[in-house]
Amino acid sequence: MDDHALGKWKAIFDQHQAALAAELSVTLARELEASAAQLKAQHEDSLTQALQAEKNAATAQLDAARHQSSNEGREAGRRATAEALNQALRRLRQSPSEAAVLQLLVESTVAWAPAAAVFALQDDSARSLALRGLLHEDELQFSLAAAGAFRTVVDTKDPVTAVATEAELSAALANALATGDETTPRAYLFPVSARQNVVAVLLASGKVAPAPLELLCEAAGMKLELLVAPAIVPLKNPELVQIAAAAVTVPAESARAAQTPQTVSQKWSDLSADDQKLHLQAQRVARVKVAELRLYQAEELRKGVFSGNIYGSLRTQIDAARSEFLQTFLSKSPTMVDYLHLEMLRSLAHDDDRLLGPDYPGPMV
């Protein structure tokens, strides 16, 4: 092959080699670019996942902190409520008069109502005894016929929520609660009962917490009942109370209750000084036990009265009280009377033994 032909072939080879090199360079560049993009995407995914994990962990920690803070806040709120109620109840127990009880009732509502007033009821009229937080605190007096919400409280003996209008609260009281804007405030009315009668009404307005206020009214009613009740004295009748047989099924294991009801013919004056003291103590304890049922088991008591089965609603509490009364008093004296039964019949069942329920064991003597 001559030099001319060799040069020609060498030029073709160089040209072909250059083309292959260029094609390889482009391919490598594309592959490198693709690899770089893939690595970048993987890195970004890893970074995103790491950031999301950190975010989730931070969110979980924040939620846990909020939950703990909320629980601590609720617990602190419960403690504060319990302490405030305990203090109010202690002061109510120490109140020397009806007026002092009702005045203290209004003062004790400061933690649960911005505005409050207590009204004494007499001869179909209501008269303010203490006011706090109203637009004016002059004495208010109106007829129950002119205040529908008050009349409802008296008739039902239950709390009532009403709009503060003239028809519901009377003109004078509605004006004292007026906010000055177009919004008509609400009023919460709670009965204060003594001897099965509503003797006063607590009114609260604003951002109200009803449950503590209802409890305070129950406690105030019990204190008023003790103040207006006659002192515990020896029985006036020449003979002690005679308890008739109860027409209910008596548990077989209650040997004492299964016996023939005791007829006591001994006069009060014939009792020894120790027996007289024990009888008076038994009466006091019976009243306290039943008052505690009314105070601390108010909702269950309402259900029991409504269903005609008080014992069914309060079986555990009543059985415990009966057992304690049996051990403390009935077992100590053959002349003892089941004052606990009499007090439950009077104060819980309103002297209607049917409300105690078909399973109520009856008097223990």
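Leaving aside its neighbours within four places in sequence, which residues is Arg322 in contact with? They are Leu340, Tyr360, Pro361, Gly362 and Met364, where contact means heavy atoms within 4.5 Å.

## Ground rules

This is a predicted model, with local features needing pLDDT of at least 70 and side-chain atom pairs counting only at pLDDT 80 or more, while totals for chains, interfaces and linings use all residues. Residues are numbered from 1 along each chain as its sequence is written, and side-chain values use heavy atoms, leaving out hydrogens and water.

Arg322 sits in helix α11; helices here are DSSP runs (H or I, at least four residues), numbered from the N terminus. Arg322 is buried but has no salt bridge, and Asp319, the nearest side chain of opposite charge, is 4.6 Å away. Buried means under 20% relative accessible area (1.4 Å probe, protein chains only), and a salt bridge needs a Lys or Arg side-chain nitrogen within 4 Å of an Asp or Glu carboxyl oxygen.

What Arg322 does have is the backbone oxygen of Gly362, 2.7 Å from a polar atom of its side chain.

## How α11 meets α12

The axes of α11 (residues 315-330) and α12 (residues 339-348) come within 10 Å and cross at roughly 145 degrees; they are lines fitted to C-alpha atoms over the stretch in contact, with angles running from 0 to 180 degrees between N-to-C directions. On the α11 side, Ile318, Ala321, Arg322 and Phe325 make the contact, and α12 brings Tyr339, Leu340 and Met344. That makes six nonpolar residues, no polar ones and one charged.

## α12 itself

Nine of the ten residues of α12 are buried, so the helix is largely enclosed by the rest of the structure. After α12 comes His350, with a positive phi near 55 degrees.

How values were computed: Helices (H or I, at least four residues) and strands (E, at least two) are DSSP runs, numbered from the N terminus. Ala, Val, Leu, Ile, Met, Phe, Trp, Tyr, Cys and Pro count as nonpolar, Asp, Glu, Lys and Arg as charged, and the others, Gly among them, as polar. Buried means under 20% relative accessible area, exposed over 50%, partly exposed in between (1.4 Å probe, protein chains only). Lys and Arg count as positive and Asp and Glu as negative; His and the chain ends are not counted. A polar contact is a pair of N or O atoms within 3.5 Å; within protein, one must be able to donate a hydrogen and the other to accept it, and residues adjacent in sequence count only if both atoms are side-chain atoms.
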